[in-house]
Amino acid sequence: MAASGARGPGEAREDVAETRRVAVLLSGHGTNLQALLDAAAEPASGLAVALVVSDRADAYGLERARLAGVDAAVVRPADHPDRAAFDRALRDLVAAARPDAICLAGFMRILGPEFVRAFPDRIVNTHPSLLPAFRGAHAVRDALAYGVRVSGCTIHLVDEQVDHGPVLFQAAVPVEQGDDEASLHERIKREEHRLLPLAVRLVADGRVRTDGRRAWVVEAVPR
Ligand code: GRF
């Protein structure tokens, strides 16, 4: 987030109407990225997707970025000597985009501490279960296998543990008879698409405060 900085007399408050910049990390189809792009395309949204980064060159989300005229990059672990180097490369690329918020939208890598510490309380993740149930890469499959009657999504801030940081939003999605992983995941994604842009906007606006695991929203503050 840009620093508010003191102004001299007569200096324009150019930052008041400043567009909030979002960097999106993804690995796959990018329907959540699309929800963010659509939100940013709303008139006077004040939101811009400034950068999309994928760890996979074949992620369709990269194509969505290109179609929307957004800078897109690929950073692959295989191109770096170790995880810490991958983390630093990702951190430096994202930092150069000067994001107000960073969104993990189906990014299937665990971010290391060097990345997470560079953007405290600025990274938002969406996870397709009601956390803390069913962490990990197969949340929808695991919830179905367990036989839950209700699952959903969790939009949360990212800390140094996987699928763990303070919760911003959750939505419940009932499991229907005959659901398979794809059908349940599709209905969960509808909720993610609704809530993720709201959460990203709040974080980008600097309106989220945390105390331990609790997160809450404050009124907009002039910057
Ligand atoms: C979402 O369900 C997200 O919760 C999970 O991966 C999925 C990404 O979907 N981490 P998409 O690529 O945005 O369509």
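Cys 153 is buried, at a relative accessible area of 0%; buried here means under 20%, exposed over 50% and partly exposed in between, with a 1.4 Å probe and protein chains only. This is a predicted model, in which local features need pLDDT of at least 70 and side-chain atom pairs count only at pLDDT 80 or more, while totals for chains, interfaces and linings use all residues. Residues are numbered from 1 along each chain as its sequence is written, and side-chain values use heavy atoms, with hydrogens and water left out.

Back to Cys 153: this residue belongs to strand β6, residues 150–157. Helices (H or I, at least four residues) and strands (E, at least two) are DSSP runs numbered from the N terminus. Between the C-alpha atoms of Cys 153 and Ser 27 there are 18 Å, with 126 residues separating the two along the chain. Arg 214, by contrast, is exposed, with a relative accessible area of 64%. Arg 214 sits in strand β9, residues 214–217, and its C-alpha is 33 Å from that of Ala 59, a residue 155 positions away in sequence.

Now for the ligand. The space that the ligand takes up is the largest pocket. A pocket, on a 1 Å grid over the protein atoms alone, is an open set of points with protein on both sides within 12 Å along at least five of seven lines. The shell around the ligand consists of His 29, Gly 30, Thr 31, Asn 32, Gly 106, Thr 126, His 127, Pro 128, His 185, Lys 189 and Glu 192, where a residue counts as near if one of its heavy atoms lies within 4 Å. By type, the shell splits into eight polar residues, two charged and one nonpolar. In this scheme Ala, Val, Leu, Ile, Met, Phe, Trp, Tyr, Cys and Pro are nonpolar, Asp, Glu, Lys and Arg are charged, and the others, Gly among them, are polar. Three elements, α1 (31–41), β5 (123–127) and α6, each bring at least two residues to the shell, and α6 gives the largest share, with three.

A polar side-chain atom of His 185 comes to 2.6 Å from a ligand oxygen. On the backbone side, a polar atom of Gly 30 is 2.8 Å from an oxygen of the ligand, and an N or O atom of His 29 is 3.4 Å from one. Taken alone, the ligand exposes 370 Å², and the protein buries 89% of that; these areas come from the Shrake-Rupley method with a 1.4 Å probe.

Helix α6, residues 181–204, also holds Glu 186. Glu 186 counts as partly exposed because its relative accessibility is 49%.

Most residues other than glycine have a negative phi, and most peptide bonds are trans. The bond from Leu 131 to Pro 132, however, is cis, with omega near 15 degrees, and Pro 132 lies in the loop between β5 and α5 (139–146). Arg 98 is not a glycine, yet its phi is positive, near 50 degrees. Arg 98 is in the loop between α3 (83–96) and β4 (101–104) and counts as exposed, at 57% relative accessibility. Asp 121, likewise no glycine, has a positive phi of about 55 degrees. The loop that contains Asp 121 runs between α4 (113–118) and β5, and Asp 121 is partly exposed, with a relative accessible area of 38%.

How values were computed
A polar contact is a pair of N or O atoms within 3.5 Å; within protein, one must be able to donate a hydrogen and the other to accept it, and residues adjacent in sequence count only if both atoms are side-chain atoms. On a 1 Å grid over the protein atoms alone, a cavity is a set of points where a 1.4 Å probe fits but cannot get out, and a pocket is an open set with protein on both sides within 12 Å along at least five of seven lines; lining residues have an atom within 4 Å of a point. A molecule sits in a cavity or pocket if more than half of its atoms lie within 2 Å of its grid points.
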